[in-house]
Amino acid sequence: MPTLSRRAALLGAATLPLTAQLARADGHAAPKQQGAQIPRVNRFQLGAFEVSTLLVGSRTVEGPQNIFGMNVDAETFATASAEAHLPTDKAQFFFTPTLVNTGKELILFDTGFNAGGITAAVEAAGYTADQVSHVVITHMHGDHIGGLTHDQGATFKNAAYVTGQVEFDAWAKMENDGFEAKVRPLADQTRFVGDGDSVASGVNAVAAFGHTPGHMTYMLESEGKQLLLMADSANHYVWSLAYPDWEVKFDRDKAAAAASRRKVLGMLAAEKMPFVGYHMPFPALGYAETRGDGFHYVPHSYQLML
């Protein structure tokens, strides 16, 4: 019978999976994998403001060209996606309200899908729903207003509410169950703002209509530092920034939305200003730079830590 050399035996063992080798070495099975994990809170400083982005949800959506690039052919979409290392059969969506502690106020921008999700996110950031002093709604799509109320009433019972006058008036004329259930009941407690109006010291509304009739962004400014909460002005870090004229399914007025997108991104690039985008990959914080006829997304690294 042929004998197995020591060298052959060692080489054979080396071909075993690492987990099998480890299990044989210590006599225990390999530990169970825990699964992918995304952080839920990202906190940073902007001057005297403490800003926390809150991930209230993330989901995979199939057929992204049913949403983005609706006015280009499949080959164009596929080429652009491949250049950005993106698949064309599915995309990952992120939903990110923002919490701003000014030192005097605790201001929540948008509320996600439901009360449970946004309450848990606020608590993960170290606060309670009762501590929120203001709730600002950038626009009235369901993933922004869903957490305003629950079965027992308002989620943020001590908060004042702020939203755009144009946005509210437009939705008040529509037949929309979400608006009727979540927004209209709070109308008497809501302050309505227009372009340039102040929510609090250092927090100002900036109109960016098109995605919805009165879609608003909000400029934060503290101790000479600025950041734009751009809400849904751009909904994808490649398909919206690199190709701002590509039509997006959820933009109500597609031409106006594209014009707003170019204006907002152009300002951000020119000013080298950081921004938070509600649907950007979490932590949803980055910069826009001009590239060709469009823009390029630069994720935040440590700039605001310095």
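Predicted model: local features only at pLDDT ≥ 70, side-chain atom pairs only at ≥ 80, totals over all residues.

Asp293 is exposed, since its relative accessible area of 61% is over the 50% limit. Arg262, with a relative accessibility of 26%, is partly exposed.

Arg262 has a further partner in Asp245, where the closest N and O atoms are 3.0 Å apart. Through shared partners, the salt bridges of Asp245, Arg262 and Asp293 make up one network.

## Other charged side chains

Side chains of opposite charge can pair when their charged atoms come close. The count of salt bridges in the model is six. One of them joins the side chains of Arg184 and Glu180, at 2.7 Å from N to O. Both partners are partly exposed: Arg184 has a relative accessibility of 34%, and Glu180 has a relative accessible area of 33%.

Over the whole chain there are 23 positive and 31 negative side chains. The centres of these two sets are 9 Å apart.

## His300 and the segment after β18

His300 belongs to the segment that follows β18 (294–299). A polar atom of the His300 side chain lies 3.4 Å from the backbone nitrogen of Gln303. When neighbours within four places in sequence are set aside, the residues in contact with His300 are Leu285, Gly286 and Tyr287.

## Ala187 and its surroundings

Ala187 is located in the loop between α7 (177–183) and β11 (190–193). Apart from residues up to four places away in sequence, Ala187 touches Phe168 and Phe192.

Gly286, one of the residues in contact with His300, is 99 residues from Ala187 along the chain. The C-alpha atoms of Ala187 and Gly286 are separated by 34 Å.

## The chain as a whole

The chain contains eight helices and 18 strands. Taken along the principal axes, the box filled by its C-alpha atoms is roughly 90 × 45 × 45 Å. Among contacts between residues at least 6 apart in sequence, 67% join residues at least 24 apart.

Of the 306 residues, 46% count as buried, that is, they have under 20% relative accessible area. The accessible surface of the chain is about 15400 Å², and carbon and sulfur atoms account for 52% of this area.

Methods:
Residues numbered from 1 in each chain as written. Heavy atoms only, no water. Helix = DSSP H or I, 4+ residues; strand = E, 2+ residues; numbered from the N terminus. Buried < 20%, exposed > 50% of the residue type's maximum accessible area, 1.4 Å probe, protein only. Contact = heavy atoms within 4.5 Å. Areas by Shrake-Rupley, 256 points an atom, 1.4 Å probe, with all protein chains shown as cover. Lys, Arg positive; Asp, Glu negative; His and termini not counted. Charge placed at Lys NZ, Arg CZ, Asp CG, Glu CD. Polar contact = N/O pair within 3.5 Å; in protein donor to acceptor, adjacent residues only side chain to side chain. Salt bridge = Lys/Arg side-chain N within 4 Å of Asp/Glu carboxyl O.
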